[in-house]
Amino acid sequence: MSQRTMVVDLDRCIGCKSCEVACKQENGVVLGCTWNKVLTVGPTGTYPNIQMYYLPTMCQECKDAQCVKVCPTGASYKSEDGTVLIDKEKCIGCRYCMMACPYGVRTFNEETKVVEKCTLCTQLQAVGEQPACVKNCPAGCRFVGDIDDPNSEVAKVIQKAGSDSVHALPDVGNRPSVRYILHSKIATWKE
Amino acid sequence: MSIQWPLVFFTLFVGLGCGTFVSAVVLTEWCGKAKQIRTISSLIAIVALGLGGMSSTLHLGHPERMFGALGHPTSGIFMESTMIFLVGLTILVYLLALRRNASDGTCKIIATVGAVLAVVLAFVNGDAYVMASIPAWNTWILPVFYVASAAVMGCFSTGVLLARAEDVDTTALTTIKRAALIAIAIQTVLLIAYLGHIAVAPYPDVTRSVARVLAGNLAPLFWGGLVLIGLLVPVVLMTKFYTKNTESISPLTSVKLGLASVLAAGVAFRVMMFLLGSSIKQFF
């Protein structure tokens with residue numbers, strides 16, 4: 001089994017939102033739609049002990065993707081490398097997948113009347129390039145690869161960070177595969 | 001989550017259709033009362049199911065691709081569509097049996113099959129929303145509430161038909177009156193249980209909190225739409241329905257107003273459900 005996914009090193013993220021812009025530009029994401037969004041978590045605490053970090057959000061490439069399970073036409077599917085994708089020719093625009101996503105990271109395109117999401121830039125990866133958000137990140141905080149392959153870059157980055165500093169979004173049975181690295185010396189991970 | 005109006009009216013009309021058919025079947029076929037409303041109640045049920053089905057297609061971005069759902073029979077949408085088709089088909093067969101003066105036994109069997117399917121449909125309608133991603137919806141109380149809501153609407157709808165019919169057995173009126181009050185009582189218990197679920201649901205958030213329902217921006221919808229219009233007003237109106245020495249309001253007006261109020265409350269509950277339906281994390 002392979003599971004292509006993304007690892008984001010929050011220790012390095014500077015919240016510049018270059019990834020958001022690069023994503024929009026590469027994928028032609030229309031106004032009002034979002035595939036990738038950088039959130040600010042915090043600040044929390046009391047001066048001078050203030051904490052804050054940036055959280056880039058996108059499809060969490062769940063292993064048991066609920067969006068795929070509820071899709072009535074099979075438009076939402078998992079590709080061979082584990083990436084969750086949408087066949088826009090099959091999508092009926094029922095938005096059931098948007099309800100089933102625990103993170104609200106799918107978006108409805110009002111122009112084409114179909115649901116869209118991050119594709120990990122499969123069109124770029126197919127020609128040996130990195131996703132737009134990865135290659136345009138000035139801090140180099142994004143990594144993409146097969147998390148089930150111990151020799152992949154993402155697996156190595158996770159191993160290097162140490163298990164205490166590797167985090168994931170809440171799991172309600174969907175088994176998100178995206179991992180965030182945040183060391184406690186930078187900030188405390190907020191569930 | 002924003003209010004999905006087509007889905008609000010989809011489940012409302014489907015609930016009305018299922019409730020009308022089941023309450024009429026119980027009254028006419030099982031209790032053997034007011035048999036003159038069998039045809040009209042079935043027609044109303046099938047029209048309501050049709051309206052519900054049409055409402056649901058308004059929600060779709062590409063309804064022309066709907067047949068793609070036939071390849072994935074486990075999805076909620078497929079199950080809802082199939083159940084509507086089966087209930088509608090059974091009602092048509094029942095109408096045909098009535099038209100051709102089929103025996104009482106035959107009519108009763110067909111009606112019973114249809115009633116069971118209608119209860120399942122009302123349940124499936126609510127069950128489609130039960131998902132782990134939305135804590136406020138992730139409870140069996142929701143589909144059971146949809147069944148209770150269908151029962152309340154059905155009792156009032158059947159009540160209107162009885163009030164309009166001629167030579168109705170007074171025991172039929174008593175039966176539907178009692179059934180409506182029991183259904184409202186069950187709905188009240190379920191509403192309280194639903195509030196309890198929201199209070200203890202995991203991943204608490206202000207968007208789906210009891211405080212928002214009871215005292216926040218959903219309070220007018222809850223107290224006005226659900227408690228006042230959905231519970232108190234129908235109880236008062238149904239209590240006055242064919243009660244001796246009640247000259248202030250006619251039985252037909254009473255039950256018509258009751259039907260209007262339970263339909264309004266049905267809308268209010270579904271609207272509240274969508275407004276409480278925030279994901280565990282709503283990033284976009």
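No salt bridges were counted between chain B and chain A, a salt bridge being a side-chain nitrogen of Lys or Arg within 4 Å of a carboxyl oxygen of Asp or Glu. The model is predicted: local features need pLDDT of at least 70, side-chain atom pairs count only at pLDDT 80 or more, and totals for chains, interfaces and linings use all residues. Residues are numbered from 1 along each chain as its sequence is written, chains are lettered from A and ligands numbered from 1 in the order written, and side-chain values use heavy atoms, without hydrogens or water.

Polar contacts do link the two chains. Across the interface, 21 residue pairs qualify, both residues at pLDDT 80 or more. A polar contact is a pair of N or O atoms within 3.5 Å; within protein, one must be able to donate a hydrogen and the other to accept it, and residues adjacent in sequence count only if both atoms are side-chain atoms. On chain B, the side touching chain A has 17 nonpolar, eleven polar and two charged residues. Nonpolar here covers Ala, Val, Leu, Ile, Met, Phe, Trp, Tyr, Cys and Pro; charged covers Asp, Glu, Lys and Arg; the others, Gly among them, are polar.

Chain B contributes 30 residues to the contact and chain A 39, where contact means heavy atoms within 4.5 Å. Together the chains bury about 2600 Å², 64% of it on carbon and sulfur atoms. This is accessible area (1.4 Å probe) lost on being put together, summed over both parts. B:R65, B:F283 and B:F284 supply 31% of the area that chain B buries against chain A, more than any other three residues.

Conventions
Buried area is the accessible area (1.4 Å probe) that two parts lose on being put together, summed over both.
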